[in-house]
Amino acid sequence: MSLSGVPPYDLTKLKATYRDRERQALLFMAKGSERGERFEDVCRFIREIIKLSPTFPDRDLSDEERHLFSIGYKNVIGQLRAAWRATKSDDNKFDDLVVDYRAQIERELSSVCIDIINLLESTLVKYVTIPESRVFFLKQAGDFYRYLAEIAPGKGYEKKAADSYSVSFKLAINTLPPTHPTRLGLALNYSVCFYEVLKDKRQACELAKAAFDHAISKLDELEESSYK
C-alpha cells in the first residue's frame, strides 16, 4: 500500500470489461503510466501482458511492449539499487537501524527480481523463438540475476547471471549484426557482469573492446537512418 493508504489500481474491472481486448487495454494503461512516470504501475500492467503472452500468435511482446518493459523495470529496479548502495552508516550510533533498513531494501529488490525472472522463464524465455526477442529476454534474465548476485553473493545467482548472458550472447553473435543495439547493450551488460560480479576484469575488458571494435568495423555498411 502506498503512503496515501490507497491500494494499487484494481485490474478486476479492466479484465471484466475488456476481456476481448485485454492486451490493448493493458498496453493503453501502461503507456499512460509511463507518461505520468508511475513506473511501478508500468511494471504491473506489462507484467499482466507477459502473463497473457503464451496465448499470443507469436508468443512475443511487440516493440512497444518491450520498450515499456525496459522503461518500467529499469526505473523501479534502478531506484531500489540506488537506495541499497546509498544506505550505509556514517555514525556507529545507528548501525543497527542501517542494517535493518538495508535488509528491507534487499527484500524488496529481491522480491521484484525473483518475480519477474520466474515470469520470464515460464513464458517469454520458454516460448519465444524470434532470435532478437530471445536475445532481449535472456539478457533481461541475466540482468535480474546480476542484481540478485550484487545483494546476495554466494547464493548461485552469479552463475545464473553468467549462464543467461552466455546463451544470449552466443545467439546474438549468430543472428544479430555487430551494430545492433540489442547486441551492443548485451555486450555491455555481460562485460559489467564479468567485471563486478564474476571479478574477471580481463575478460570484461576483452569482451567490451571486441564488441566495440566489431561494431566500428561495420559502421560503413549501415544505412544513414540506422547510423543515426
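**Pockets and helix packing in a predicted model**

Q: By class, what is in the lining of the largest pocket?
A: The lining of the largest pocket has 14 nonpolar, six polar and eight charged residues, where Ala, Val, Leu, Ile, Met, Phe, Trp, Tyr, Cys and Pro count as nonpolar, Asp, Glu, Lys and Arg as charged, and the others, Gly among them, as polar. This is a predicted model, in which local features need pLDDT of at least 70 and side-chain atom pairs count only at pLDDT 80 or more, while totals for chains, interfaces and linings use all residues. Residues are numbered from 1 along each chain as its sequence is written, and side-chain values use heavy atoms, with hydrogens and water left out.

Q: OK, and what volume does the largest pocket have?
A: Its volume is about 940 Å³, taken as the space filled by probe spheres set on grid points that are joined across faces, edges and corners. Phe39, Glu40, Asp41, Arg44 and Val76 are the closest to the centre of the largest pocket, out of the 28 residues that line it. A pocket here is an open set of points on a 1 Å grid over the protein atoms alone, where a 1.4 Å probe fits, with protein on both sides within 12 Å along at least five of seven lines, and lining residues have an atom within 4 Å of a point.

Q: Which element gives the largest share of that lining?
A: That is α5, which contributes seven residues to the lining of the largest pocket. Helices are DSSP runs of H or I with at least four residues, strands are runs of E with at least two, and both are numbered from the N terminus.

Q: What about the second largest pocket, what's its volume?
A: The second largest pocket comes to about 440 Å³. It is lined by 22 residues, and those closest to its centre are Ser70, Lys74, Lys139, Gln140 and Asp143. By class, this lining holds eight nonpolar, six polar and eight charged residues.

Q: Which elements each supply at least two residues there?
A: They are α4, α7 (131-151) and α9 (181-197), and α4 gives the most to the lining of the second largest pocket, with 10 residues.

Q: Stepping back, how many helices and strands are there?
A: The chain has 11 helices and zero strands, and its C-alpha trace spans about 55 × 55 × 30 Å along the principal axes.

Q: Let's do packing, then: at what angle do α2 and α3 cross?
A: The axis of helix α2 (residues 22-35) and that of α3 cross at roughly 160° and come within 8 Å, with axes being lines fitted to C-alpha atoms, for helices over the stretch in contact, and angles running from 0 to 180 degrees between N-to-C directions. The two helices, α2 and α3, are therefore roughly antiparallel to each other, a label for angles over 145 degrees.

Q: Which residues meet there?
A: Glu22, Arg23, Leu26, Leu27, Met29, Ala30, Ser33 and Glu34 of α2 meet Phe39, Asp41, Val42, Phe45, Ile46, Glu48, Ile49 and Leu52 of α3, contact meaning heavy atoms within 4.5 Å. The contact of α2 with α3 comprises 10 nonpolar residues, one polar and five charged.

Q: And how do α4 and α5 cross?
A: Their axes come within 9 Å and cross at roughly 155°, which makes α4 roughly antiparallel to α5. On α4 the contact uses Phe69, Tyr73, Ile77, Leu80, Arg81, Ala83 and Trp84, and on α5 it uses Arg102, Ile105, Glu106, Glu108, Leu109, Val112, Cys113, Ile116 and Leu120. That contact of α4 with α5 has 12 nonpolar, no polar and four charged residues.

Q: Last one: at what angle do α9 and α10 cross?
A: The axes of α9 and helix α10 (residues 201-217) cross at roughly 165° and come within 7 Å, so α9 is roughly antiparallel to α10. Arg183, Leu184, Ala187, Tyr190, Ser191, Phe194 and Tyr195 of α9 make the contact with Lys201, Gln203, Ala204, Leu207, Ala208, Ala211, His214 and Ala215 of α10. By class, the contact of α9 with α10 divides into 10 nonpolar, three polar and two charged residues.

Note on methods: Parallel < 35°, antiparallel > 145°, perpendicular 65-115°, else oblique.
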